[in-house]
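Thanks for coming. Please have a look at it first.

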Amino acid sequence: DFEMMSLYFHKQHYWFATVQGCIVARSVVDFLVRHVFFGPCFIKEIIDSFKANLRTDVFLTILQNEKTGEATLSFLLQVYALFYMGNEHFAYWTALFSLLISVRGIAQGCY
């Protein structure tokens with residue numbers, strides 16, 4: 001997501017960069033509110049997950065929120081923005097690769 005935001009800025013697609021930045025900011029604020037300030041300690045959950053060699057429920061919830069929230073919004077933006085990247089080969093292939101990664105994340109989040 002940060003790669004796409006910097007790519008949009010570099011290619012002077014400022015509206016796409018702004019929307020991508022809002023998507024990332026929404027995800028960060030959601031993470032901070034749910035899991036740092038008002039939820040269980042995130043670092044403790046990661047340590048417990050690695051000690052037990054299993055993912056805890058809180059850790060899986062964090063991953064699920066990212067896959068179904070941020071990945072979906074980024075996917076929709078990338079599908080729309082991909083058509084504006086057609087005349088720049090590197091930007092087009094980077095956006096297409098990021099689009100495929102978003103599809104994979106959404107599919108994993110749904111199943």
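This is a predicted model. When I say buried, I mean a relative accessible area under 20%, and exposed means over 50%.

With that in hand, take α4. Which residues of α4 are buried? They are Phe59, Ile62, Gly69, Glu70, Ala71, Ser74, Leu77, Gln78, Ala81 and Leu82. Note that Glu70 and Gln78 are on that list along with Leu77 and Leu82. As a reminder, an α-helix has 3.6 residues a turn, so residues three or four places apart point the same way. The buried residues of α4 pack against α1, α2, α3 and α5.

As for its geometry, α4 has 26 residues and spans 36 Å from the first C-alpha to the last, close to the expected 38 Å. There is a bend of about 30 degrees at Ala71, and Ala71 is itself one of the buried residues.

Now the whole protein. It has five helices and zero strands, so to speak of a pattern is to read α-α-α-α-α along the sequence. The C-alpha atoms fill a box of roughly 50 × 25 × 20 Å along the principal axes. Of the 111 residues, 33% are buried. The accessible surface is about 7500 Å², and carbon and sulfur atoms account for 69% of that. Taking contacts between residues at least 6 apart in sequence, 61% join residues at least 24 apart.

Next, the core. The largest nonpolar core has 14 residues, and those with the most contacts inside it are Met4, Leu7, Tyr8, Phe16, Leu77 and Met85. Two or more residues come from each of α1, α2, α4 and α5. Which helix gives the most? That is α1, with four residues. Met85 touches Leu7, Tyr8, His13, Ala91 and Tyr92, leaving aside residues up to four places away in sequence.

Last, the backbone in two loops. Most residues other than glycine have a negative phi. Gln12, in the loop between α1 and α2, has a positive phi near 65 degrees. Asn53, in the loop between α3 and α4, also has a positive phi, near 60 degrees. Are these two buried or exposed? Gln12 has a relative accessible area of 57%, so Gln12 is exposed. Asn53 is at 68%, which means that Asn53 counts as exposed too.

That is what I have; questions are welcome.

Note on methods: Residues numbered from 1 in each chain as written. Predicted model: local features only at pLDDT ≥ 70, side-chain atom pairs only at ≥ 80, totals over all residues. Heavy atoms only, no water. Core = buried A, V, L, I, M, F, W, Y, C linked by side-chain atoms within 4.5 Å. Buried < 20%, exposed > 50% of the residue type's maximum accessible area, 1.4 Å probe, protein only. Contact = heavy atoms within 4.5 Å. Expected span 1.5 Å × (residues − 1). Bend = angle between axes of the 7 residues up to and from the residue. Areas by Shrake-Rupley, 256 points an atom, 1.4 Å probe, with all protein chains shown as cover.
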